[in-house]
Amino acid sequence: MTGAQVRWHEVCGLDDLVLERGAAALVDGEQIALFRVGEREVLAVQQLDPYSGAQVISRGIVGSRAGAVTVASPMYKQVFDLRTGRCLDALGREPQDLRTWSVRVEGDIVMVAAEGLVAPGETGAGGAAGPVDAVGAAAP
Amino acid sequence: MSALPQQLVVIGGGMVAQRLVEALRARDETGRWHVTVLAEEPRAPYDRVALTSYFSGRDPESLSLGSPDLWGDPCVTLVRGRAATALDLAARTVRTDDGTVRGYDRLVLATGSRPTVPPIVGADLPGVFVYRTIDDVAALRGWVEERSAGLDRPVRGAVIGGGLLGLEAAGALQALGTRTTVVQVGSHLMSAQIDLGGGHLLRRLITRLGVDVRVDTTTSRIRANDRGQVGRLELADGGRIDVDVVVLATGVTPRDELARAAGLAVGPRGGVVVDEACRTANPRVWAAGEVACLDGVCLGLVAPGYAMAEVVVDRLLGGSAVFPGADTATKLKLSGVDVASFGDAFARTPGALELVHSDPAAGVYKKLVLSDDARTLLGGVLVGDASAYAGLRPMVGRPLAGDPSAHLLPAGSAAAAPGGDLPDDATVCSCNNVTAGTVRAAVTDHGCTDVAAVKACTRAGTSCGSCVPLVKRLVGDELLRAGVAVSAGLCEHVALSRAQLFDAVRVTGLRTFSEIMRRHGTAVAGRGCDICKPVVASILASLDDGHVLDDERAALQDTNDHVMANLQKDGSYSVVPRIPGGEVTPEGLLAIGQVALDFGLYTKITGGQRIDLFGARLEQLPDIWRRLVDAGFESGHAYGKSLRTVKSCVGSTWCRYGVQDAVALAVRLELRYRGLRSPHKLKLGVSGCARECAEARAKDVGVVATDRGWNLYVGGNGGFTPRHARLLAEDLDTESLVRTIDRFLVYYVRTADRLQRTAPWIDEVEGGLDGVRAVVLEDSLGIAADLDAAMARHVEVYEDEWKATLDDPVKLRRFASFVNAPTTADPSLAYVAERGQVRPATPTERADPAVLVAGTTLAVRS
Ligand SMILES: Cc1cc2nc3c(=O)[nH]c(=O)nc-3n(C[C@H](O)[C@H](O)[C@H](O)COP(=O)(O)OP(=O)(O)OC[C@H]3O[C@@H](n4cnc5c(N)ncnc54)[C@H](O)[C@@H]3O)c2cc1C
Ligand code: SF4
């Protein structure tokens, strides 16, 4: 991230999130999908499903594909890598990636970086700028 | 050959041009040719055959053909949005509409056709459309949406022309909510493909979709309304049809204008005359696709065009290929109406025999055309049930094994789908000209181990898709023959099939996902995925009926099961209370109506005699259900892979003809099987006499009353591949009937594949229908007691999932719209009013806030 001062938004308590399941959050008027994929590991991507235009990604099933932690959109079942936002299976459509946000878990508070947004186009298809680490990657 | 590449120019950027460039790049390994494609449309070639799917909301990208890399190849130049305007054969140049002049060494005309606009006064009015390009379809859709927003009644549409394209367009208009009429000049619909007998039935099937059909008449004039838009059709027979939109589908005209002007010969009805090498009289100029006139005719199908493209490429590279002759087999692409025609469909071969099976009641007409000795298949017409098409079409010109009439039997009988006996040179996929031998070789020589790999390797099944069932069968047979274990594994995490996993879990008694994955998963099993998780959830539900939202299991469910409602396209949900047997009291109706009113829900009666309430937001679901539960309703499980409905007719209590109490039985069956989780959704039906008003034979389990008891039918499926149920047992008394259904259902739940419905399950389970009969009626496997016990347990532990959820504050937390704003409505939801109710706004409507209504948000008063 290009040195911009990161503002951390407190979103919810860790206990508000169920393991291996997503939840939607409203941050600065923006809809974000949070996934608790480990005891203290939370990942965040956009809630908007690019294929249906509906705000539903948090309601997909969490899984894995060749080592990547994934979510399958509940609408038309495209599969996305939760760490990088990349579309891993577009089911015959044009691949469209998800935005990701940095997440920090401090005590039992889950925080999302207000800056720290990484548009998939900017990281390049191979994630040249590196995927956003789940925990504390963009800590000031 | 010189080192410099030669210049090939292709005029037209359609499907045939795409195939030509693709074939050239695949075969011209030394880069002898550089190809320039001049395309008038503003986009790369796309799948015109699938154009209608653009209506169902798909974006233009999903129509793209082949690999996009093709157009980035340095040996290929694609010039979009430029029409060729002049051709100079002597100078060997082409001019485009921006004035650029390009030289060529070789030229291919692939300009296709344009829709024929009949010389009717008014055919140029706003609101009259043709149907050929993405732009045509986008304009048509925009017009219909705009008109329907401005009218307080459904839009009225007409399609002039009742051929393949006209019916497809009518279906598309109907899907947009338009009341559509098809006007056909000839005696019957699709008269170029099917005979009068098939045409009569087709008309009934089309009418059943809600489309009106007028035959034997022409349109004499199109009148404008007072705003100068299309308003009325006047027919030659004196009839009049009020319309808001018209689609012309009266045929196509080859785009031979450049060739004509350049002095090339054209056919009697247009088209650039070519020989069997697809070459014009000028040795440097070829034509391929719909614009080419070979033996006096132009062919309006993609398969012959692809074959021509391959011939031209072969010739460019020094080969001597000739056009192999056209396969004019066709299948109507209109969901709900199955029509196919192939080979000599009109029995024009001297001495040809016709074998016809017509069952107007069942809505099928099938005709085989056979040689004079009744052995060789020459062609056929299939209306109402074209499932035999994929198997029969490759057999044209070959002797049919066994009794030909066996091929006319209902789908599902073994004869209807040959596969094993198909000769290697029989064409399986006519769009891409792939033979059975090529498909088999993909498995034996190229190491393909599933249908997806074979499709990628051979291209079979990648265009219209009608041959995919046959390809699948061939691949399966070949893998078995090669001794390759066909991997029935679910996904990368579980190498077992659903049935194997079911048995394993039943035997080991494991009851949590992590335990099951540790024991039965693969090395990478860990977290599972959207395939194996719901399967495990379903198996666990079948085995001990724990609540679907209990502990770890909640994370296994997809969103429908997770929140016990059906996800709709905008992210809201629909709610269906159970109404056993479709019997509801007036008080119950009022209660449902009041809930719909209070929450502003869109209300619709379902095909299964239920009431579906649409537009409920996640956080509203518990409030809605609290009201429904208080009024005595329980979950209808419309969201689950589980028993959905038992549909019934009114039966002997009221009906003059009824011989048994259909409603009482339906209610009993529904209360018995409610909540039963299964590999796919399950539907039952009960009719009170042989008139079958409940359409029970379209259900997984259909019961039809007789004077002496009940006839039991199984394996009926609607949906994508409709099937009629087949008779399992006759004249059962009620207790034997219930026991037989119990066993049938548990046997299915335990042994079927993931997402396998009952019809294909019966085809594939050991012994087929006879095998199922032996297991459930004669206990041939000795498992009947076990099956009975499993169902008894299901009945005993059933509880209403919604009631249980409302009583549990922890479970209720998953209905928060946002984890940090649990009752805030999703701000992106937007609705418009239509026919007195709400529906989700289209993207265009969203852009114009003036038309939006608050929908399900503001109407709540609790
Ligand atoms: C709705 C619909 C459904 C169909 N369904 C089926 C089906 O189920 N099965 C089947 O076999 N066929 C079907 N067809 C027909 C099939 O699409 C055509 O046979 C096929 O597209 C023909 O390919 P082509 O390349 O010859 O012509 P086209 O695909 O029409 O391509 C010709 C292209 O050339 C361009 N062009 C013309 N003149 C010029 C010029 N002077 N300069 C530059 N560009 C020019 C045109 O704009 C066009 O893009 C369907 C067609 C439609 C419209
Ligand atoms: S199936 Fe028979 S009993 Fe039932 S409504 Fe029809 S005619 Fe009456």
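The model is predicted: local features need pLDDT of at least 70 and side-chain atom pairs pLDDT 80 or more, while totals for chains, interfaces and linings use all residues. Residues are numbered from 1 along each chain as its sequence is written, chains are lettered from A and ligands numbered from 1 in the order in which they are written, and side-chain values use heavy atoms, with hydrogens and water left out.

Around ligand 1 there are 30 residues (a heavy atom within 4 Å), of which B:Glu40, B:Glu41, B:Arg132, B:Glu290 and B:Lys333 come nearest. By class, this shell holds 14 nonpolar, seven polar and nine charged residues (Ala, Val, Leu, Ile, Met, Phe, Trp, Tyr, Cys and Pro count as nonpolar, Asp, Glu, Lys and Arg as charged, and the others, Gly among them, as polar). Ligand 1 lies between domain 1 (6–114 + 254–316) and domain 2 (128–250) of chain B, because both give residues to its shell; the domain bounds come from an automatic or database assignment.

A polar side-chain atom of B:Glu290 is 2.5 Å from an oxygen atom of ligand 1. A backbone N or O atom of B:Val16 lies 2.9 Å from an oxygen atom of the ligand, and a polar backbone atom of B:Ala84 is 2.9 Å from a nitrogen atom of ligand 1. The protein covers 93% of the 990 Å² of accessible area that ligand 1 has on its own (Shrake-Rupley method, 1.4 Å probe).

The shell around ligand 2 has five nonpolar, three polar and two charged residues, including B:Cys649, B:Cys655, B:Cys689 and B:Cys693.

Between the chains, 35 residues of chain B are in contact with 33 residues of chain A (heavy atoms within 4.5 Å).

Technical notes:
Polar contact = N/O pair within 3.5 Å; in protein donor to acceptor, adjacent residues only side chain to side chain.
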